[in-house]
Amino acid sequence: MLFDLSQLEAGDRYKLMASSITPRPIAWVTTLAPDGARNAAPYSFFNMMAADPPLIALGLMRKPNGERKDTCANIVATGEFVVNLVSEDDLDAMNWTCAEAPAGYDELAAAGVATAPSAMIRPPRIASAPVSFECRVVETLDFAPAATVVIGQVLALHMDDRFVDPERLHVDTPAMQLMARMHGAGWYTRSTDRIQRNRPRFEDLRLHAAGCGMDA
C-alpha cells in the first residue's frame, strides 16, 4: 500500500512512521531554564549521528499550538542539555516525566528522581541512568510550527562503573537493560533478544552473489 504523506494529516503521518521505525532509543533529556528551573522529559526521536565529532540528534515535537515545549525552549535558550539513557529500573519514573506539566514544574522532584552534577555544563544528569551524555548545541533546525531538530556535540559521557571495562573500553550493553519505544502509544520494548551477524568481506559477497546466480 502506498501512502502519499503530503495528503495525510500530521497525526496519521506520526502513526505510520512511529509504528514502523522501531525500536527507537529513548533520550531522557534534562535541561535548565534560564531562571534555573529543572526540567526532564523523554524523547524517542533520537540517535547518534557521528563520532568525530561526537554528535547526537534530537527531534523535539511542539505543542499543538506551535509553542516549544519546555525541553526545546530550554535548549534553545541555554544551548545545553543532558541525554540520559533509560534502564528498565527507571521505566516508571521516566514515564511519570511524560506528563504535560506546566512550565517551571519540576518533574524530577515529582517523580522522585535523584540527580547528580554534570562535569562540563549546568543541567544535572540523572544519577541512576546507566549512561548520560553532556551536550552542547551545535545547530538547531526549526520546522515550525511542528518540530525542532537539535544537533548536539557530546562533551562528556558518564557510564556506570558496572557496565564498562575502563582499560579495554568494553561495554556490557545487555547488562544495562535499556528500554526503547515500540509501535503504538504507551508501548516499550526490552532489548533482550539479540542476533549477531559479522560484516562480510566484499570477496565473500561476490561469492554469495555468484552462488545465487546473480550478476556481481
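A residue is called buried here when its relative accessible area is under 20%, exposed when over 50%, and partly exposed in between (1.4 Å probe, protein chains only). The structure is a predicted model, so local features need pLDDT of at least 70 and side-chain atom pairs count only at pLDDT 80 or more, while totals for chains, interfaces and linings use all residues. Residues are numbered from 1 along each chain as its sequence is written, and side-chain values use heavy atoms, with hydrogens and water left out.

Salt bridges come up first. Side chains of opposite charge can pair when their charged atoms come close. Counting a salt bridge as a side-chain nitrogen of Lys or Arg within 4 Å of a carboxyl oxygen of Asp or Glu, the model has ten of them.

One of these joins Arg62 to Asp142, at 2.6 Å from N to O. Arg62 sits in the loop between strand 5 (54-61) and helix 2 (70-78), and Asp142 in strand 9 (residues 131-143), so this pair ties together parts that are 80 residues apart in sequence. Helices (H or I, at least four residues) and strands (E, at least two) are DSSP runs, numbered from the N terminus. Arg62 is buried, at 15% relative accessible area, whereas Asp142 is partly exposed at 40%. Arg62 and Asp142 also belong to a network with Arg68, joined by salt bridges that share partners.

Strand 9 also holds Arg136, and its partner Glu80 lies in strand 6 (residues 80-84), so here the tied parts are 56 residues apart in sequence. Glu80 is buried with 12% relative accessible area, while Arg136 comes out as partly exposed at 36%.

A further salt bridge pairs Arg190 with Glu88, at 2.8 Å from N to O. Arg190 is in strand 14 (residues 188-190) and Glu88 in the loop between strand 6 and helix 3 (91-96), so the pair links parts 102 residues apart in sequence. Arg190 is exposed at 53% relative accessibility, and Glu88 is partly exposed at 27%.

Then there is the surface. Met1, Phe3, Leu5, Leu16, Met17 and Ile21 make up a nonpolar patch of about 620 Å². Such patches take residues with over 30% relative accessible area and no salt bridge, joining nonpolar side chains (Val, Leu, Ile, Met, Phe, Trp, Tyr) within 5 Å and like charges within 9 Å; the areas come from the Shrake-Rupley method with a 1.4 Å probe, and for residues only the protein chains shown count as cover.
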